[in-house]
Number of protein chains: 2
Amino acid sequence: MFEPAVYQKRRAELMERVGSGLILLYGNGELPINFKANTYPFRQDSTLLYYAGLKRPNLALLLDVDAGKTYLCGQEHSLEDVIWMGPQAGLEELARCSAIDGVLSLSAMANRLAKAGNRLHFLPPYRCEQEARLSDWLGIPVENLKANSSQSLILAVVAQRSRKDAREVAEIEKALKVTASLHLSIMTQQLAGRKDYELVEEARFRAALKGCSFAYAPILTAEGQILHKHRRGELLREGRLLLNDMGAETETGYAADITRTFPVSKTFTTQQRELYEIVLQAQEKAIAACKPGRPFRDVHLLAATALTEGLKALGLMKGDVEEAVSVGAHALFFPHGLGHMMGLDVHDMENLGEDKVGYDENFRRSEQFGLAYLRLARPLQKGFVVTVEPGLYFIPSLMEKWAAEKKHENFICYEAVNQYLDFGGIRIEDNILITDSGCKVLGDVHIPKSVADIEALRGESLF
Amino acid sequence: MFEPAVYQKRRAELMERVGSGLILLYGNGELPINFKANTYPFRQDSTLLYYAGLKRPNLALLLDVDAGKTYLCGQEHSLEDVIWMGPQAGLEELARCSAIDGVLSLSAMANRLAKAGNRLHFLPPYRCEQEARLSDWLGIPVENLKANSSQSLILAVVAQRSRKDAREVAEIEKALKVTASLHLSIMTQQLAGRKDYELVEEARFRAALKGCSFAYAPILTAEGQILHKHRRGELLREGRLLLNDMGAETETGYAADITRTFPVSKTFTTQQRELYEIVLQAQEKAIAACKPGRPFRDVHLLAATALTEGLKALGLMKGDVEEAVSVGAHALFFPHGLGHMMGLDVHDMENLGEDKVGYDENFRRSEQFGLAYLRLARPLQKGFVVTVEPGLYFIPSLMEKWAAEKKHENFICYEAVNQYLDFGGIRIEDNILITDSGCKVLGDVHIPKSVADIEALRGESLF
């Protein structure tokens with residue numbers, strides 16, 4: 001964790017933003033696998049990590065804004081706990097590590113919560129175990145918790161966590177350094193004949209040796225058209241493109257989120273190279289367009305336009321490019337959003353509500369297929385860290401449905417598209433930091449993404 | 001999974017045992033890490049695995065005992081699901097894999113449940129997400145679910161799952177084969193100077209390459225006195241004993257649970273060997289005593305007696321051995337139970353209630369420190385698979401407390417015990433199958449446990 005003063009300052013800013021009342025920030029509990037005592041690896045709630053940095057289960061922070069006092073709430077360990085789990089820091093000691101003023105037992109905390117009435121601010125839960133505890137502490141039925149959560153607290157947390165300071169960027173850079181080593185290790189291997197999970201598990205092991213876990217379940221597949229393919233067991237074959245979407249999470253909880261697509265063989269086929277260049281150009285254009293004040297939705301549409309232009313040049317789309325993008329015809333090939341915020345969560349703060357993080361009063365979520373999946377639309381600001389990840393996919397079931405409906409037939413050349421039924425998918429993703437006047441691609445270690453660099457790396461590799 | 005007929009037969013037996021009414025067996029849902037879409041690796045509920053073998057989230061089985069009909073209940077996938085997760089088997093197809101008669105949507109299932117009244121049998125939930133779904137389906141408040149769960153269903157499931165058939169034993173043998181390879185790989189390495197997590201992560205990787213995960217968080221530590229030490233970051237040093245409690249889980253969900261304790265160096269010290277031999281003798285005596293009809297509590301007490309005899313011979317305990325064991329004086333050094341059932345869960349069926357699995361009307365749980373932790377007390381039966389895992393530990397905080405209280409001072413030589421303050425702990429654990437007239441230690445691959453075998457292995461290893 002960082003020095004105690006970091007958290008103290010963050011809490012002071014939060015209290016100032018919220019203005020008055022009592023703020024409850026609850027941490028995560030343990031989650032059972034197949035019985036209560038057999039639990040998944042513990043992951044602290046990211047907001048608690050941000051404001052306290054403490055990783056023990058079942059903690060809460062109580063911020064008394066009116067009194068300007070902060071409390072760490074939890075249960076002290078018993079001798080029985082010590083026998084089973086070893087000596088543990090007491091609450092006082094934990095509070096000191098995070099410069100928290102005092103400690104409260106959970107029952108003392110519940111007493112204060114009961115008295116707070118509508119002065120109480122809390123965030124909406126996203127785990128059932130949080131709901132159970134919250135409902136118990138607050139005496140509010142589970143189904144009413146979301147409605148009773150504090151909109152002003154959500155907005156204050158989002159405003160604060162959206163702008164990453166130098167310390168946070170350094171943590172993301174750490175995650176990226178490990179992530180680069182995972183990607184490079186895979187890109188330099190003999191891949192034909194390998195099973196997908198062997199590569200994933202080797203990467204998990206490499207990350208673990210560096211103190212990192214995966215920030216999300218990696219998508220490593222030659223079936224890139226399955227956007228979130230997590231099922232394993234695939235045998236990699238010559239001639240296919242391998243899509244690897246894989247990012248590490250550091251011990252402090254910060255994520256990286258990188259995608260590269262490259263040939264299982266040593267070189268791209270002509271068809272693969274043509275489509276790959278389209279995605280790469282779209283990504284580079286999109287990155288070049290990111291700067292403070294520019295709505296990310298515009299950047300998304302810019303990428304969509306670049307993709308559409310490329311597909312038109314290849315004979316897969318036709319008609320007026322702007323019109324095609326405005327009606328969403330390109331979404332047959334690019335059905336997801338260009339990117340999302342990233343930080344302590346790979347989709348940063350998604351638990352607080354995607355629309356709270358990525359939209360505002362001026363930017364409402366579209367209902368158009370494809371654009372509706374865009375997680376971030378509002379104007380970029382200095383300090384935002386976002387992913388830029390355009391892609392092109394050939395999804396048989398979607399192609400079939402649209403073709404049968406003759407959907408957007410003025411813009412899509414269905415006959416030509418059918419030649420790509422078995423193509424798979426391409427995505428290229430980097431993580432960028434919005435700076436004073438533009439943006440910076442994060443990551444000191446270059447992970448090849450031009451065709452020439454990738455073919456050079458694959459060609460030179462000694463497999 | 002096994003052939004469809006296996007599950008059909010198991011369900012028929014369950015329906016016969018329960019006799020009448022409607023049986024609901026619900027599977028697990030996804031659990032969020034830091035936001036809803038970022039989930040932990042999915043683990044199916046073991047009872048659903050036992051009766052259906054299906055691994056998709058959010059399934060349920062409905063067994064209409066009176067009509068003799070079985071239904072697979074769930075939600076069909078949408079086109080959107082296919083875009084994001086790829087083509088998925090339909091419910092009909094899943095039902096066929098498990099020889100289930102028909103399929104029902106979740107709402108059709110909820111309709112039937114609503115009409116069932118007190119003819120409905122369901123198991124008590126152990127995850128909050130299960131509670132939420134159950135409460136929703138049944139219209140029963142979460143706090144009343146446990147009280148409304150079916151005691152006869154629990155007992156029927158426990159009776160059936162307690163006796164492992166040849167197919168299940170073969171799966172446990174598979175888990176043991178992988179587990180042996182993990183243990184042997186660690187036992188043959190240079191250990192001094194290594195970090196604990198390097199060894200754990202390497203083992204996780206090895207297991208994953210064989211299609212296995214860990215059945216539980218491994219306990220790998222030179223601080224064996226911390227019974228469930230999961231905190232990592234320890235540097236292994238010459239002269240210490242390393243305790244490794246590590247077991248694989250197969251793709252079908254069956255567990256192994258093996259502990260070995262051995263020197264970080266190539267040989268035991270005299271003190272280590274003396275204590276180790278006591279534990280090993282106790283374990284061998286306990287295993288030899290396991291047979292159908294013998295209460296496992298007697299085997300536990302037999303092991304406790306052997307440990308106490310050994311400690312007395314070493315001058316750490318004194319007085320009458322039987323009396324010492326009956327008052328629980330040995331629990332200072334052996335504070336946990338001798339073992340537990342094992343199968344689809346490492347603590348098999350613990351989610352249904354430890355007392356339901358390990359106790360009955362004749363065997364009530366003791367309240368004595370140590371014995372109270374025993375998970376299995378009732379008589380062994382043919383087909384049970386149990387762990388036998390005695391240990392000796394020197395737990396400073398417990399020793400300090402007992403010494404201050406002069407607890408059992410007629411049986412404990414506190415002055416001598418203080419010489420072992422920094423010793424750590426020893427545990428030796430194997431998995432046994434109760435046979436017609438005795439028992440069989442499972443695992444075709446021998447993992448050394450005699451001092452001679454361990455020293456030979458460590459001595460011959462080429463580090």
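In the predicted model, 13 residues of domain 1 of chain A are in contact with 15 residues of domain 2 of chain A. On the side of domain 1 of chain A that touches domain 2 of chain A, at least two residues are supplied by each of α2 (46-52) and α8 (151-162) of chain A, and the largest share of this side, six residues, comes from α8(A). Classified by residue type, the side of domain 1 of chain A that touches domain 2 of chain A comprises nine nonpolar, three polar and one charged residues. The two domains correspond to residues 4-162 (domain 1) and 166-460 (domain 2) in the domain assignment of chain A, and their centres, taken over C-alpha atoms, are separated by 35 Å.

Between the chains, the contact takes 48 residues from chain A and 48 residues from chain B. On the side of chain A that touches chain B, the elements that give two or more residues are the strand β2 (32-35) together with the helices α3 (79-85), α6 (128-138), α10 (196-209) and α15 (396-405), which belong to chain A. Of these elements, α10(A) gives the most to the side of chain A that touches chain B, with a contribution of seven residues. By class, 25 nonpolar, eight polar and 15 charged residues are found on the side of chain A that touches chain B, whereas the side of domain 1 of chain A that touches domain 2 of chain A has one charged residue alongside nine nonpolar and three polar residues.

Notes. Residues numbered from 1 in each chain as written. Chains lettered and ligands numbered in written order. Predicted model: local features only at pLDDT ≥ 70, side-chain atom pairs only at ≥ 80, totals over all residues. Contact = placed C-beta atoms within 7 Å. Helix = DSSP H or I, 4+ residues; strand = E, 2+ residues; numbered from the N terminus. Nonpolar A, V, L, I, M, F, W, Y, C, P; charged D, E, K, R; others polar. Domains from an automatic or database assignment.
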